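Hello,

Here is the structure I said I would hand over. My notes on it follow below.

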Amino acid sequence: MHFFNNNADAQQNRVVINADQELSEISKHIYGQFAEHLGRGIYGGIWVGEDSDIPNTEGYRNDVLQALRDLEVPNVRWPGGCFADEYHWKDGIGPADERPVRINTHWGMVEEDNSFGTHEFLRLMELIDAEPVIAMNVGSGTPREMARWLEYLNYDGESTLANMRRENGRDEPWGVKYIGVGNESWGCGGNMTVEFYADLYRQYATFTKEFSGHELFRVASGRYDTEYDWTEHMMQEAGDMMEGVSLHYYVIPTADWDAKGPSIDFDEDLYFAGIQRSLLMDEYVQGHSNRMDKFDPEKNVAMVVDEWGIWTDPYPGTNPGFLEQQNSLRDALIASITLDILNKHSDRVRMANIAQMINVLQAMILTDGDKMVKTPTYHVFDLYRIHHDTQLLHTHMMEINEYSYEDESIPVLSMTPSKNSDGQIGITITNKSPNTPQSVEIEIRGQQIGNLSEGRILAAEHFADINTFEDPDRLTIEEFTNYSLNGNTITLELPPMSVAALRVE
Ligand code: AHR
């Protein structure tokens, strides 16, 4: 499928990138994933067990392993989410057939046999070369339980717990660095007031020791949307004992949690609303960051946006407790726009996790038995690999058109310009308009450019287009050649509803 014809009706836009003005590092950890014990996020999605008929390596399905490796996933947050505050790590170690069966009370009241536990998660991280981010239990746990889990994970001496780890098959400590101290402690993580949680945070954090020199990065539970007071209180009372504080934001197309809107067959109302609501991330990140600045103007404490994405009604016919939804081109553009916002705030945002990696909410990958499909959002994360561990460049959006729908308008373009350590410039750019192609003139100042060595694009005929098991490559990345280079100015012709990535040398 091709959508890339020159179009005389294209609207004109003009951008200047100052390649000699580096603003902040775009950490690859902004491109993190989230895998919760929720529905088919783990079981069936990645973990099928060694005896499964589905081709697997040590119990992890091969197709999903390969897709995650190709995406260069930098980190994965686990085991929740709400599940984290009812998870007791000792349930998930030792011989699998001796592990207790619990009830996953948050997500569908299903039985959790604990066959996927600490060792299985950390082995997965090795197999896909990603950093683990472990959200630890505060809501129904104890400081001692958290401290002992850390010792089990990271101590290299001869303690009883370190030796238990060895008996369970792991000699060397894993050196887990990133931990969450509770999740949504204002809600499913314990329904706490911020005053209570701040005290509890300090108590728990006191016992998070750096065993055998393994440095920790502790993320306190933050809140969501415009709940700025929570963040301010946490910074004031516990900012000296954390390395990061979280922020969650979900795009609900209808803005109604009881009827969020479908993930398939929606109209332009819900396309526009979803795209428009994704822009709110900018306001929220800025608002929380401003409060953090009061106590931390140097920005030593990171903002960790460890849950974000679009949340729709469950896909028809699925268990509502499993949060399964389809993933359309609209959702891919919500991802590209959100990633641009997080990149823009990379002086403060140093880690983020889209919710969630497989089969849950805005997933990268959907599975059904032995079938697997990559979603349009997967392809956005693929395009945005160009920004991993690069420097954000200063940009002027000089003349930008608007996408207007009914009586509302939003800027039609979203973009990130970055520079890697070889001096190559990476540009990702999204055209939000479902109707109008955009011609974009990009002038690069401060660095002589020679050629465009890479051009890739994701586009579709309709914003509700999806990939299915029957038609898995309906939306996929194609080569993008619809540009011209004149000195230091690139002119792109972007089709409607598209996201492109360019590498400039
Ligand atoms: O991602 C689904 C759920 O959303 C998480 O478990 C929880 O933290 C949030 O409310």
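Ser-414 is part of strand β19, which covers residues 413-419; strands are DSSP runs of E with at least two residues, numbered from the N terminus. The model is predicted, so local features need pLDDT of at least 70 and side-chain atom pairs count only at pLDDT 80 or more, while totals for chains, interfaces and linings use all residues. Residues are numbered from 1 along each chain as its sequence is written, and side-chain values use heavy atoms, with hydrogens and water left out.

Ser-414 counts as buried because its relative accessibility is 10% (buried means under 20% relative accessible area, with a 1.4 Å probe and protein chains only). Leaving aside residues up to four places away in sequence, Ser-414 touches Ile-337, Asp-340, Thr-428, Ile-429, Thr-430 and Lys-432 (contact means heavy atoms within 4.5 Å). With one of these, Asp-340, the side chain of Ser-414 makes a polar contact of 2.5 Å (a pair of N or O atoms within 3.5 Å, one able to donate a hydrogen and the other to accept it).

Now the ligand. The residues around it include Phe-34, Trp-107, Asn-183 and Gln-356 (a heavy atom within 4 Å). By class, this shell has six nonpolar, three polar and three charged residues. A polar side-chain atom of Tyr-250 is 2.7 Å from an oxygen atom of the ligand, and for Glu-307 a polar side-chain atom also lies 2.7 Å from a ligand oxygen. Taken alone, the ligand exposes 280 Å², and the protein buries 94% of that.

Regards

Note on methods
Helices (H or I, at least four residues) and strands (E, at least two) are DSSP runs, numbered from the N terminus. Buried means under 20% relative accessible area, exposed over 50%, partly exposed in between (1.4 Å probe, protein chains only). Accessible areas come from the Shrake-Rupley method with a 1.4 Å probe; for residues, only the protein chains shown count as cover. Ala, Val, Leu, Ile, Met, Phe, Trp, Tyr, Cys and Pro count as nonpolar, Asp, Glu, Lys and Arg as charged, and the others, Gly among them, as polar.
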